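Subject: Structure handover

Hello,

Here is the structure we talked about. Please open it alongside this note; my findings follow below.

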Amino acid sequence: MPRIGFQSALITALRLLLGALFIMSGGEKLLDLKFFALVIAEYQILPSLLIPAVALIVSLCELVCGTMLLFDLFSRISASVMLCMMAIFIAAMTNNAMRGLEHDCGCFEFLSQWYGLKEEIGIGPIVRDILFFILLLPVALLGSNRIPWKKQQPGGL
Amino acid sequence: MAGKTLRRTLVASVILLSIFLPAASQLHAAEPAALAKEGSGELDLSAAKALFDSHSACFVDARSEYAYYSSHIKGALSLSDSRFDEQFPEFRQKKSTETLIVVYCVGPGCSKARHVAEKLKKNGYRNVRVFSGGLTEWSHAGFPMEG
């Protein structure tokens with residue numbers, strides 16, 4: 001069926017693209033967790049005590065969900081977790097942009113290093129995260145939750 | 001006649017030199033302090049460097065903490081405009097109100113240094129100056145940085 005083939009190819013492409021992106025993003029945050037924690041502090045939303053833990057959880061989530069998306073392990077759950085995170089990022093950035101705060105968004109530092117993209121909060125990073133949100137939707141809705149190494153039983157679902 | 005005139009000129013020169021030379025040398029020795037005290041004007045690069053070299057001032061980085069963490073003037077302390085209230089109690093324990101403080105941010109277009117300087121003055125710090133050239137001028141000049 002050509003329609004099913006296209007859908008499957010699209011989801012695979014999105015899974016690989018977003019998986020690689022979140023692995024790089026989470027990895028670089030974990031490598032310099034203090035920097036990421038200081039960026040979170042700049043949002044002035046969370047109490048200081050929670051910031052190091054939140055920095056660790058967000059970085060780990062990105063790395064683990066990215067890896068799961070890349071290897072098609074529980075893709076729907078991983079994409080759903082990332083959807084929730086993207087919604088939180090978008091809300092936090094919009095809130096700070098409306099308050100007139102100017103600081104690094106703490107999103108994808110490697111993009112600014114590689115392509116010179118501005119990483120300060122503003123309309124650019126917000127639109128980019130909305131785009132990632134839209135790209136995650138098909139994986140969250142239509143992706144698989146199968147475990148690749150587990151043999152499917154004949155006649156099973 | 002000519003000898004008398006020459007002698008008078010020499011004596012006058014010696015007297016004048018003896019008056020002005022010590023005063024000139026004192027001015028030179030007190031250069032950093034004088035630079036820091038001049039008016040309410042902001043410090044330029046050479047004045048900031050003179051204070052840095054004399055170790056007579058505490059440099060304060062008014063940018064965000066993550067920017068300070070990435071790079072800052074060697075020995076500077078972080079006191080960001082955005083999180084001043086959270087950072088100030090620790091700063092107050094480290095530096096007395098008598099300390100000469102030089103506040104800087106990114107460069108001339110940045111207002112964070114002036115905001116932090118105002119906040120410090122409101123909290124009793126009398127000797128606060130702003131290095132308007134900021135980190136941009138400092139790093140372009142190749143002066144000591146860390147981070």
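Helix α3(A) passes α4(A) in a left-handed crossing. A crossing is left-handed if the near helix is turned anticlockwise from the far one by less than a right angle, and right-handed if clockwise. The two helices pack at an angle of about 145 degrees, with their axes 9 Å apart. Axes here are lines fitted to C-alpha atoms, for helices over the stretch in contact, and angles run from 0 to 180 degrees between N-to-C directions. On the α3(A) side, the contact uses V58(A), C61(A), C65(A), M68(A) and L69(A). On the α4(A) side, S75(A), S78(A), A79(A), V81(A), M82(A) and M85(A) take part. By class, that gives nine nonpolar, two polar and no charged residues.

Some ground rules. This is a predicted model: local features need pLDDT of at least 70, side-chain atom pairs count only at pLDDT 80 or more, and totals for chains, interfaces and linings use all residues. Residues are numbered from 1 along each chain as its sequence is written, while chains are lettered from A and ligands numbered from 1 in the order in which they are written.

A few terms. Helices (H or I, at least four residues) and strands (E, at least two) are DSSP runs, numbered from the N terminus. Two residues are in contact if their C-beta atoms, placed from the backbone, lie within 7 Å. Ala, Val, Leu, Ile, Met, Phe, Trp, Tyr, Cys and Pro count as nonpolar; Asp, Glu, Lys and Arg as charged; the others, Gly among them, as polar.

Next, α2(A) and α3(A). Their axes come within 9 Å and cross at roughly 115 degrees. That makes α2(A) roughly perpendicular to α3(A) (65 to 115 degrees; under 35 is roughly parallel, over 145 roughly antiparallel, the rest oblique). This crossing of α2(A) and α3(A) is right-handed. L33(A), F36(A), A37(A), I40(A) and A41(A) in α2(A) meet I51(A), P52(A), V54(A), A55(A), L56(A) and S59(A) in α3(A). The contact has 10 nonpolar residues, one polar and no charged.

Helix α2(A), residues 33-42, is largely enclosed by the rest of the structure, because eight of its 10 residues are buried. Buried means 20 or more other C-beta atoms within 10 Å of a residue's own, exposed means 12 or fewer, and partly exposed is in between, with C-beta atoms placed from the backbone. Among the buried ones are F35(A), V39(A) and E42(A). Over the 157 residues of chain A, 31% count as buried.

Two loop residues deserve a look. Q44(A), between α2 and α3 of chain A, has a positive phi near 55 degrees and is not glycine. Q44(A) counts as partly exposed, because it has 14 C-beta neighbours inside 10 Å. F74(A), in the loop between α3 and α4, has a positive phi near 45 degrees. F74(A) is partly exposed too, with 18 other C-beta atoms within 10 Å.

Overall, chain A has six helices and zero strands. Mean pLDDT (the predictor's confidence in each residue, from 0 to 100) is 88 for chain A, and 87% of its residues reach 70 or more. By element, α5 (109-115) has the lowest mean, 70, and α3 (51-70) the highest, 96. Where pLDDT is low, the predicted coordinates should not be read in detail.

Last, the interface. Seven residues of chain B are in contact with 10 residues of chain A. Helix α4 of chain B, residues 65-70, supplies the largest share of the chain B side, three residues.

Best wishes
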